[in-house]
Amino acid sequence: MFKSVSRRQFVQASAVAAAGLGLVGCGGGNGSSSEGGSDTIKVGILGPQSGSVSNYGIACANGAKLYFDQLNANGGINGKQVSYTVEDEKGDATEAVNAYNMLVEDGVVGIVGDVTTGPTVAVAQASVADNMPCVTPSATAADVVTYGTNYFRACVTDPEQGRIIATFASEQGYKTVGTIYLSGDDYSEGVNNAFVEEAQALGIDVATQEAYADGDVSFSGQITNLMAANVEAILCPNYYEDDGMIVTQARAAGYDGVFLGADGWSGIVGGDSDYASAADLHDCYYCCAFTSSNDDESVQQFISDYTDAYGEAPTNFCALGYDAAMVLANGITSAEEAGLEAGSEDYKQAVIDGIAGGTVEGITGSISYDGTGDPVKSSLILTFDAEGKEEVKETIEVGE
Amino acid sequence: MQVLMQVLNGLQLGSIYALVALGYTMVYGIILLLNFAHGDIIMVGAYISWLVMAQLGMPPVVAMILSVLGCTLLGVLIDKVAYAPLRNAPRLSILITAIGVSYFLENGAQLVFGADAKVVPAFTDVSTIQLGGASLSFAAVATVVVTAVATVVLTLLVQKTKLGKAMRAVSEDMGAARLMGINVNNTISFTFAVGSALAGIGAILYTMAYTQATPTMGMMLGTKAFVAAVLGGIGSIPGAVVGGLLVGFAEVIVTALGLSVWKDAVVFLLLIIVLIVRPTGIFGRTMSEKV
C-alpha cells in the first residue's frame, strides 16, 4: 500500500542528507560467520527504521522480532535458536540494496522485508541472483514477486483489494458508484483500476472516476461532480490522511452515501488524532487485514503480547510483520528438517519450496501460496460504530 | 445547482490564494523580495491553532488570536534575523536566504511535530449555512467574506494612512524616502507584520476548510499564491486578489470538467501565457528604468 517517493518524503530525504552522511555503513561489526552447523539460524529484518516512512518499517520489524522472540522462547526451529539482524534502509531504494547486501554478507538464510514498494522492488531484483528467500510484510505492488521465485508477500495485492471491495459493493446491491483516487500513485490507481474493472464485470455502473494530485487539500470540485452523478457509493482508495479530508468535506457538502476503501484507511481513527469524526464515518467500509477490534482469540493474544513487549497497541503493519516472520520461519523449518547446510543453494531452495508449499495460520488470516509469491488469504471488511470505533463487518474467505 | 456549488468552490479556493498572494505582493512591493517563506508562515499558524486547541484545550477564539499574533511576530522576526542584514546585498542573496528560511521552517516543523498530518479541531460548530434553499459551507462563506474585508482594509491602509504613505514612498525609492525622514527599517518591519498577519488569518481559514496541518502544507499553497500574485501583477493589491480568484476558478473549472489531474498544469500554463502576453501581469505597471 505504498507510494514511491512523494514530495513530502523528498523534503525529508533532503533533511536527512543535510543532517550528515556520517551514518553510512554502521552495523557491520558482528561479521563473524555462522555457517557450518552452529546452533543458531541467522535471519535478516529489512525495513526503514528512520526517515519519513519509518513508522511502517519499525512496526513491521517489531512484529517480526516479536514472532522470532516467541519462537526462541518455545525452543526455536528444530532446537536451534533464531538470531535476527535489523537493517535500516531509510526508505531509500539504494540504501535498501546496500542493506540487503550487508545481510547477505552476514550470512542470513532468509529475510523479512522490505516494507515499502519502491525499495522492495529494488531488493527483489537484487535478490534473484542470490535466490535469497524473502517475505515482504507489506509491499503490495504487483511486480514485487515477479522477478524470481524467491520473493513472497504476506499481504494481498492492490488489485486483489480492488476486486474484494467490488465484490462487497455488488453484495450490498449498489447500482451506481463513483471513485476518487490519487493520480500517479501506484497503490491508489492499482486498487481503483481493479475495482472499476471488477465492478463493471459485476454489472455495477461506474458513473465517474475523479482524480486528485498529491498534496491537494480541496476536494470540493470532485465531490460536487460525484454528487451530481447521483452515486450510491464512492470508492476512496487512498491514504488515511486524504481519506479523512475527503470524507469530512463530502459530508459537509451534504453527501450521505457510502464510502468504500482499502487498507490505506487503517489509521484514520484510533491513532494520535482522528482524521474524521465519528458522525462523518457512518456508512464507511474498507477492506483490511487486521483490526484490534477483531475478537478472534489469536488476534487478541497477539495484541496483548505485542502491547506487553512494546508498550503500545499493534497496527496492521505489526501484524503483517509478525505473519511475514511466521511464513519465513515455516520455510526455514522444512530446510532444517531436511538436514541441509545453512547458506548452501539447496538450503535456500528448500526454504523457498517450504514457503510455497506450506500454510500458516497468521494473525491476518490463513496464508498459503498457489504457485506465485502472492498469498491466498482471507480479508476483513471493516466499518465504524456510532462512536467511530472500528468493527468487523464481515470476513471474506479465500476463493469467495 | 451544480454550477452554483462549483462557483462557490472556486470563490473559496480563490479567496485563500488571494489572501496568501496579498502577503507576497506586500513584501515584494516594498523590498522587491519574493518571500518564499510566506507559505511556511501559514504552516506555522496552522500548527499554533492545533497546539492551542488540540493540545492545550483552549477555546477557538484564543487559537485565532494566538495564530495571528504568532505569525505576525514570526514574520517580523524572520525579517530582522534573516533579511535585514542583507538589505544592501545583491538581490539574489536575499532570495536564496528566503528559500533557506522556507526549508528551515519546514524541516523544523517536521522535527518538532513529526511528518504526519495533525488534525486541527473545528473552530465552530456551524458547518453549513442555509441560504434560500441552498446549503453553503460555513468555511467557504467565511473565507470569501474575510478575504473581501481584508482587501478593503489593506487598500485603505496603503492609500489613506500615514504609514501607507511611508510604505508607498519606500517602495518608490528607498534612498529618497530615507532623506525625507521616513524610518525605512520600521516601515519594512511593519509591512512584514501586516503580510504575516494576513498569513495568520489565511492559516485559520485554511484549517477551517481543510482541517489538517502538515509540515509541507505551505509549499504548494505558497507556489500557487505566488503564481496568483504574478498573474495579477506582483506589487499590486487588486492584482493579487484578481490573480488569486483566477487561479482558484481555473482549478475548479478544470476539475468540474473531469480533468482534475491537469489542474496544476493548467494553472502554470495560465501563468506562462499571461507572462508572454503581458509580462508585468494583469494589473502590473510597466516601469521604464533610467540607466
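**View 1. An open sheet of seven strands in chain A.** In this predicted model, seven strands of chain A line up in the order 7-6-8-9-10-14-15 as an open sheet with mixed pairing. Strands here are DSSP runs of E, at least two residues, and helices are runs of H or I, at least four residues, numbered from the N terminus; two strands pair if DSSP finds at least two bridges between them. Strand 7 (205-212) and strand 15 (390-396) of chain A each have a single partner strand, so one side of each is left without a neighbour in the sheet. On average, neighbouring strands of this sheet are turned by 25° against each other, direction ignored.

**View 2. Strands 10 and 14 of chain A, with a helix on the sheet.** Strand 10 (residues 284-288) and strand 14 (residues 379-384) of chain A pair in the antiparallel sense over three bridges. Look for A:Cys288, which stands opposite A:Leu380 in strand 14 of chain A. Helix 5 (residues 158-172) of chain A packs on the sheet, and its direction makes about 140° with that of strand 10 of chain A (angles run from 0 to 180 degrees between N-to-C directions, with axes fitted to C-alpha atoms, for helices over the stretch in contact).

**View 3. Two packed helices in chain B.** Helix 3 (residues 60-83) and helix 8 (residues 184-210) of chain B pack at about 145°, their axes 7 Å apart.

**Reading the views.** Residues are numbered from 1 along each chain as its sequence is written, while chains are lettered from A and ligands numbered from 1 in the order in which they are written. Local features need pLDDT of at least 70, side-chain atom pairs count only at pLDDT 80 or more, and totals for chains, interfaces and linings use all residues.

Definitions and conventions
Contact = placed C-beta atoms within 7 Å.
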